[in-house]
Amino acid sequence: MVHTSNPAQPPISASNLLKSLYAQRNEARVAMLKRQLEETKMQEGDSMDANLTKIKHIKEQLLSKDEVISNQLVSKVLAALPNSYRSFATTIKLLKRGKESFRFDELVSLLLQESQSCANRDVFHSNDQPFVTSSKFNG
């Protein structure tokens with residue numbers, strides 16, 4: 001038993017005190033993780049894979065605290081994409097309207113595909129330079 005300094009309050013058991021302290025700590029951790037998720041923004045040129053890995057890690061930590069955010073997660077990820085993904089995000093939002101739910105893992109798969117397509121287009125366009133030859137005629 002843990003005695004309180006206030007004689008009007010009954011003694012608190014150690015296990016109840018620990019549960020109370022853990023619950024407060026757990027709530028603070030959940031709030032911090034949600035804030036991290038809100039602050040996660042992908043910048044132009046950032047790795048999609050690294051960005052999604054960070055978001056997955058936060059999601060897993062929230063799930064370990066019995067915090068379910070799956071319905072909000074797709075919207076948060078789409079809102080955090082850079083301008084180069086705006087048309088992609090708009091398309092997904094339109095698709096999402098017709099569906100009851102759009103799962104996070106579906107979005108991850110589509111984002112990774114889109115990221116690879118963008119990278120392939122960049123390589124294609126950088127190789128799309130005029131081919132110049134020079135020839136010397138000895139005549």
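A polar contact is a pair of N or O atoms within 3.5 Å; within protein, one must be able to donate a hydrogen and the other to accept it, and residues adjacent in sequence count only if both atoms are side-chain atoms.

**View 1. The N-terminal cap of helix 2.** S47 caps this end of the helix, with a side-chain oxygen 3.3 Å from the backbone nitrogen of D49. The model is predicted: local features need pLDDT of at least 70, side-chain atom pairs count only at pLDDT 80 or more, and totals for chains, interfaces and linings use all residues. Residues are numbered from 1 along each chain as its sequence is written, and side-chain values use heavy atoms, leaving out hydrogens and water.

**View 2. Helix 2 along its length.** Helices (H or I, at least four residues) are DSSP runs, numbered from the N terminus. Helix 2 covers residues 48-64. Its 17 residues reach 24 Å from first C-alpha to last, close to the expected 24 Å (1.5 Å times one less than the number of residues). After the helix comes D66, whose phi is positive, near 60 degrees.

**View 3. Buried residues of helix 2.** Buried means under 20% relative accessible area (1.4 Å probe, protein chains only). In helix 2 the buried residues are M48, N51, L52, I55, I58, Q61 and L62.

**View 4. Surroundings of L111.** Contact means heavy atoms within 4.5 Å. Beyond its neighbours within four places in sequence, L111 is in contact with M48, L52, V77, L81, Y85 and F88.

Conventions:
Helices (H or I, at least four residues) and strands (E, at least two) are DSSP runs, numbered from the N terminus. Buried means under 20% relative accessible area, exposed over 50%, partly exposed in between (1.4 Å probe, protein chains only).
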